Amino acid sequence: MLATGYAGHLKPTEWPLLALGGYVFPVFLAATVAFMLLWLFVKKRFVLISFVALIVAYGPATLYFPVVWGENTDETGENELKVMTYNTCNWGRESDGATDRDNFTQMLDYLHDQHADVMCLQESAPSKQIYELFDSIFADGPQYYIDTVMASKGGGQAMTLITRFPIMRKQRIEIASKANNASAFWVEMPPRGDDGKPQMLCIVNCHLETMGMSVKVKNEFSSAMHSMARGHAEKDSLRSLSHFLIGKISAASQTRAPQADIVSDFVARQLTEHPGTPVLVCGDFNDIPHSYTRHRIQHPQMLNTKSDSDITPLTDCYQAAAFGPGYTIYQNAMRVRIDNILCSQHLTPVSTQTDRSIRMSDHFPVISTLAFQR
């Protein structure tokens, strides 16, 4: 359990198999809890073994299954910020049984009804129709702004920001990828201090390398999981599929590692050069909580430096203010949390949750309420 829980500290390009240990951490966590219950009835003094193990693995355990209760509200206080990250799957275009315009309208209606201050959207290439519907739907209520950063190669994933604050500038964060993207937006919030100056907020929105599995492979994985649950799975087919999946996951993890390094470097420089500016990192990391990708981004470090110990790690908003595993992708028997909201020390998570009421994408949105440090 300990080895798999801390596997995210290992870089996949250097430890291609050991770095994948986090994928089986939930199994070992469940087994440890089960043994703790077993020892209560068999040998009570052995309970101490499992108890100590869980204490040592407190960080990884709460990263997978936090136990903080928070309540989602439509309105936030004057000192709070409501943030959403959502992979829209092309504005819900891939939903069945509706026209593009119907899907666009339903998606934008949902976003409007969340009353979020910041909405980071992935797989959200804009169009004239999107902008027209946005102007119409968001005309009711406070003013909102929208902007997009396209992938450098063209035809790749677009990063869109919808926010109540004026967008002052934007920048693409260059990562090595054919279709994926990372971007930064700077927005100007109303004055909060006694000096009356506007408060800047840096928002990083990213969509990192996918597993690259076809629909056929995903369906095969789903069928295999269902067969295993019924006890009908064949060993040879499971072994073959397992080897294939491990290869795909390992290859994607090695591609994502340098992308995470670049995002981490960008955040580290932002925090170092502009220490008074809060930073949000949102997006579809396409990796599990116990991964190098999430760990590296949470702990900003400049490239080509040995240590950046003076840079305070970001806070994982889900771990700090949520309850349960909170998976954000739910198709093809896959139940993992790959969408994240991280914040700098200027902000404190109050509540975080995944919203399972909207099923226009293969992802669930993550919504977090944050409080500014006074």
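Is Leu 48 buried or exposed? Leu 48 is exposed, because its relative accessible area is 53% and the word exposed is used here for values over 50%, with buried meaning under 20% and partly exposed lying in between (1.4 Å probe, protein chains only).

1. On the model itself. This is a predicted model, in which local features need pLDDT of at least 70 and side-chain atom pairs count only at pLDDT 80 or more, while totals for chains, interfaces and linings use all residues. Residues are numbered from 1 along each chain as its sequence is written, and side-chain values use heavy atoms, with hydrogens and water left out.

2. On the nonpolar patch. Leu 48 lies in helix α3, and together with Leu 2, Tyr 6, Phe 51, Val 52, Ile 55 and Val 56 it forms a nonpolar patch on the surface, with about 630 Å² of accessible area together. Helix α3 (residues 47-56) supplies the largest share of the patch, namely 5 residues. Patches are made of residues with over 30% relative accessible area and no salt bridge, where like charges are joined within 9 Å and nonpolar side chains (Val, Leu, Ile, Met, Phe, Trp, Tyr) within 5 Å; the accessible areas come from the Shrake-Rupley method with a 1.4 Å probe, and for residues only the protein chains shown count as cover. Helices (H or I, at least four residues) and strands (E, at least two) are DSSP runs, numbered from the N terminus.

3. Most residues other than glycine have a negative phi, and most peptide bonds are trans. Cys 89, which is not a glycine, has a positive phi near 55 degrees, and Asn 90, also not a glycine, has a positive phi of about 60 degrees. Cys 89 counts as buried because its relative accessibility is 5%, whereas Asn 90, at 22%, counts as partly exposed.

4. On the cavities. Rolling a probe the size of a water molecule over the atoms shows where empty space is left. The structure holds 2 cavities of 30 Å³ or more; on a 1 Å grid over the protein atoms alone, a cavity is a set of points where a 1.4 Å probe fits but cannot get out, a pocket is an open set with protein on both sides within 12 Å along at least five of seven lines, and lining residues have an atom within 4 Å of a point. Grid points are joined across faces, edges and corners, and a volume is the space filled by probe spheres set on the points. The largest cavity holds about 50 Å³ of space, and its lining includes Pro 12, Tyr 23, Asp 287 and His 290. By class this lining has 6 nonpolar, 3 polar and 1 charged residues, where Ala, Val, Leu, Ile, Met, Phe, Trp, Tyr, Cys and Pro count as nonpolar, Asp, Glu, Lys and Arg as charged, and the others, Gly among them, as polar. The second largest cavity holds about 40 Å³, and its lining divides into 3 nonpolar, 4 polar and 2 charged residues, with Arg 172 and Glu 174 among them.

5. On a pocket. The second largest pocket contains about 260 Å³ of space, and the residues that line it include Glu 78, Arg 164, Phe 165, Met 189 and Arg 374. Its lining is made up of 6 nonpolar, 1 polar and 5 charged residues.

6. On the salt bridges. The structure holds 8 salt bridges, each being a side-chain nitrogen of Lys or Arg within 4 Å of a carboxyl oxygen of Asp or Glu. In one of them, Asp 147 pairs with Lys 170, with the closest N and O atoms 2.8 Å apart. This pair links distant parts of the chain, since Asp 147 is in strand β3 (residues 145-149) and Lys 170 in strand β5 (residues 167-172), 23 residues apart. Arg 172 and Glu 174, both named above in a cavity lining, form a salt bridge as well, with closest N and O atoms 3.1 Å apart.

7. On helix α9. Asp 265 and Arg 269 form a salt bridge whose closest N and O atoms are 3.0 Å apart, and both lie in helix α9 (residues 235-273), 4 residues apart, about one turn of the helix. Asp 265 is buried, at 11% relative accessible area, whereas Arg 269 is partly exposed, at 35%. Salt bridges that share partners also join Lys 11, Asp 261 and Arg 296 into one network.
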